[in-house]
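Subject: Handover of a structure and notes on its contents

Dear colleague,

Please find below the structure that I am passing on to you. My notes on what was found in it follow directly after.

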Amino acid sequence: MRALRLHEVLPAGGESGRVILEVEDVHLSFAGVKAVDGVSFRVHTNELFAIIGPNGAGKTSIFNCISGVYRPQQGSIRFQGRDLLGVRPDRIAGLGIARTFQNIELFPQMTVLDNLMLGRHQHLNYGTLAAIARVGKASREEARNREVVEGIVEFLGLQPVRKSYVSMLPYGLQKRVELGRALAMAPQLLMLDEPVAGMNLEETEDMARFIHDIRWELGIGIILVEHEMRMVMDLADTVFALDFGRPIAVGTPSEIQNNPDVIRAYLGEEHGTAPAGGGAA
Amino acid sequence: MTILADAPAAVTPAVTAASRLRQVARERPGEAALRVKNRGVWREISWAEYWDQVEAFGHALLAMGVRPRDRIAIHSENRPEWLVTDVGTIAVRAVCMGLYPTNPTAEVRYLLQNSGSRLLVVEDQEQADKVLDIPAGELPALERIVYIEQRGVDRYTDPRLVSWDDFIAEGGAHRRAHPGAVEERMAAATPDDLAYLIYTSGTTGPPKGSMLTVGNCDFAGSMLASADGLINPPPGPRDFVLSYLPLCHVYEKAIAVWLPLWTGAVVNFGESLETLMTDIREIQPTVFQGVPRIWERIHAGIQVKLASASRLKKLNAGIWLLVARWLGKTLARTGGRHTPLSGVAYWFGNLFLYRALKERVGLRRCRFGVSAAAPIAPEILQYFMSLGVPIHEAYGMTENAAIATTNRPGRVRLGTVGEPYPQIEVRIDEVTGEILTRHPGSFVGYWEMPEATARTLDEEGWLHTGDVGEWVDGTHIRIVDRIKDIIITSGGKNISPSEIENSLKTSPFVKEAIVIGDRRKYLAALIGIEFEVVSEWAQRHKLAHTTYRDLSEKPEVVKLIQRVVDETNAKFASVEQIKKFTLIPKELDHETGELTATQKVKRSEIEKRFGDLIEAMYR
């Protein structure tokens, strides 16, 4: 009786290498300060796309533009051919984009299971009456969603804390639950904002393995913002380097590691050996 | 050695784990044999399905040309596939060898090389990585690696790899092409067939592979199933067992493999070791095998729960625990039988407190608890006895198929490992005090180690256990210590460190205790704290702390442990008292070599590693 793999629980990304996200010449500024300055890139199915850059380079701002929190002044963002500008964040989530946050955004006074079930919220398709009566479609869907969530619990090894309150969990586990909640939304594009910030070595390795396995088993698009360079270089297919909101390079990890502009802006003299855990130069 | 690999087929084939399984599957095909918690739900595998899987696994082994006496290894946590591998291997008269999930790569290499295993079943990527780290050339015998969990492993390209599902499918194809081939092989089984190589964890020297035969297992299985054996009334299909101790250890083999196959009891597999306490609560096993560490953990769990209860509940608990203390003393005196008065007291206590406590820790239905593998403090046994959870300390070892002595219901004598099983011989050597056993469960030797075999099994068939023991009232046996662990102080006094250590470990605050003093002026101890419990204590006393080391170094914690040491010292004669102690700055671990795979402290390793701490106590 082996563990299920993610594609047995969640929808997979389909044909590999198809463009799912197109970001075209996006500009975003706050009171004249340019946060994102002419950024363009594409993310494909089955691609791990990493965005790197010093603090304040605009990485999280790009996330916020994609997920609809900010509206860029200029440019376009298209997801699976559909224009995202002006679409409300909850609708964007409903289209199949899920994200995690730098500072964990979970319901601390709810259990792990309930937080994950909330991730299934948009996959509940029954009326209030059915929900109250707990019959028919409502109970069937509830059971189906519970199966999906249990598959995620198994994937992330959350069995021992299934019924624990999130607020009682150590930080590393909370990050894992947050990844689970994003997965529960059955995304086609998963955006991870510094998933290993503040983690110790073992937790970092676990998280890297989860990301690797998600990509292998689902083949969806993943955007990763991360300071932990070793992890980025190990996992990413494409690395996109930013500085002061401006793109400075895009390429494979080895190309980026050898790019003089990137080395100057970000990696420092000893390229590729930036300190672990977010303390970027 | 008398192993006849190519012995002529016996007229009646020997009873093996596989033939037992086939028998039960015929009698009760649709009933649950195995239960496993999977994605939050308990799922059942019937006896018929269990046998079907075992037969398919056996066919897959035949398909790759496995011959009698070939070795098949498995490296996994407890799960149904473990049992399928075990019994399926025996079905084709091959030999099953289990590895501890915690075995690191170096030990995996040694065990696979030493056993010459042809096939290895690995649970997942973690275990697969260990064997794949070993250059294939160093494991010439190893032809195939079967992986159960596909995650991560399915992207590897090593040609030896095959998934469990595919392997079982190969078996299915072989079964269609050669129906009855496994049964044919089973019909040729003899009692002298090797069934297992069980490697002893080796607190000294490299692990040795004990060879247990089909006949050994049949003897042990029959002993466990018989009315005058371990459990009374004998176990049956209504009994629930939880499998959670390492299945490559003879203790778990006896309770979770042989006992169910010889009696029809149901085996449960929890979600993981981390969820053990929840799993026990959900299963409420009727027969529960624990090692002292587990019983101590359950005991500590009760204490913590009581400490955080409301005032009214505390009052109620206080009263009934006082009664329990008296009950414990009474039962210890009577061997576990209630007197009329204690019976009434227990009935009320059960109503007001004990039943609820037992329910909370998962022992409400537990009619028979066993403690073995290491000595347990009598205080713990007495505590559980008073709550109505009878724990019977038993004694056995790999080399005698776990069959030697046990405490029987109503005849329990705390502090002893009980009485010899019926029909077996046990004696204590007059000169050395060593316990010797002789019965059909005695192993046939260590794999490819004739000298070690000769040292352990003498010409008359007596097994030398290496344990020093003494008779109590001529019926029960008390274990003094391992022969090689006895401390002789510079004053010439013989002291058993484990008695003192166990007394220290009865405190919920103490996880490990190592008493030192061989050829020294006085006794000293290294003590490891139980982090969770001490941390909880520290929080209640508003003592900020971070890591294990930090907590161990707090003067308040040292004072706390000093009280524990004082309590223990009060129980012992002056030469047996601990004059100094030091708290160990880290948690001991198997991977770092301080514990064996069975979590026993490697004394020599500790003395080496913490040599400076030890020396400081004698300055």
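I begin with a helix pair in chain B of this predicted model. The axes of H1(B) and H2(B) cross at roughly 145° and come within 8 Å. The crossing in which H1(B) passes H2(B) is left-handed. From H1(B), the residues Ala18(B), Leu21(B), Arg22(B), Val24(B) and Ala25(B) take part, and they meet Trp47(B), Ala48(B), Tyr50(B), Trp51(B) and Val54(B) of H2(B).

Helix H1 of chain B covers residues 17-27 and is mostly covered, with eight of its eleven residues buried. The buried residues are Ala17(B), Ala18(B), Ser19(B), Arg20(B), Leu21(B), Arg22(B), Val24(B) and Ala25(B). Besides helix H2 (47-63), the cover over them includes helix H3 (80-91), helix H7 (181-187), helix H8 (214-225) and helix H9 (250-263) of chain B.

Chain B also holds an open sheet of seven strands with mixed pairing, in the order S7-S6-S5-S3-S4-S8-S9. Its edge strands, each of which pairs on one side only, are strand S7 (161-163) and strand S9 (208-213) of chain B. From one strand to the next, the twist averages 25°. H3(B), already named as part of the cover of H1(B), packs on this sheet and touches S3, strand S4 (95-99), strand S5 (119-122) and S8 of chain B. The direction of H3(B) makes about 155° with that of S4(B). At the S9 side of the sheet, strand S8 (residues 194-200) of chain B runs antiparallel to S9(B), and six bridges join the two. Within this pair, Tyr199(B) stands opposite Gly209(B) of S9(B).

A further open sheet of chain B is antiparallel and consists of four strands in the order S17-S18-S19-S20. Strand S17 (425-428) and strand S20 (476-482) of chain B are its edges, each pairing on one side only. Neighbouring strands here are turned by 45° against each other on average, direction ignored. Four bridges in the antiparallel sense pair S17(B) with strand S18 (residues 434-438) of chain B. Glu425(B) stands opposite Arg438(B) of S18(B).

Two backbone angles in chain B deserve mention. Most residues other than glycine have a negative phi. Arg39(B), which is not a glycine, has a positive phi near 45°. This residue lies in the loop between strand S1 (32-38) and strand S2 (41-46) of chain B. Arg69(B), likewise no glycine, has a positive phi of about 80°, and its place is the loop between H2 and strand S3 (71-75) of chain B. Are these two arginines buried or exposed? Arg39(B) has 20 other C-beta atoms within 10 Å and therefore counts as buried. Arg69(B) has 14 C-beta neighbours inside 10 Å, so it counts as partly exposed.

I turn now to chain A. This chain contains ten helices and ten strands, and 43% of its 281 residues count as buried. Among its contacts with a separation of 6 or more, 69% are between residues 24 or more positions apart.

Strand S1 (residues 19-30) and strand S2 (residues 33-44) of chain A run antiparallel and are joined by nine bridges. Glu22(A) stands opposite Arg42(A) of S2(A). Two residues lie between the strands of this hairpin, in which Ala31(A) takes a positive phi near 45°.

Thr204(A), Met207(A), Ile211(A), Ile214(A), Arg215(A), Glu217(A) and Leu218(A) are buried in H7(A). Their cover includes strand S3 (48-52), helix H6 (171-184), strand S7 (189-193), strand S8 (221-225) and helix H8 (229-235) of chain A. After H7(A) comes Gly219(A), with a positive phi near 65°.

Finally, the two chains touch. The contact takes eleven residues from chain A and 17 residues from chain B.

Yours sincerely

Methods: Residues numbered from 1 in each chain as written. Chains lettered and ligands numbered in written order. Predicted model: local features only at pLDDT ≥ 70, side-chain atom pairs only at ≥ 80, totals over all residues. Buried ≥ 20, exposed ≤ 12 C-beta atoms within 10 Å, placed from the backbone. Contact = placed C-beta atoms within 7 Å. Pairing = 2+ DSSP bridges. Axes fitted to C-alpha atoms, helices over the stretch in contact; angles between N-to-C directions. Left-handed = near helix turned anticlockwise from the far one by under 90°.
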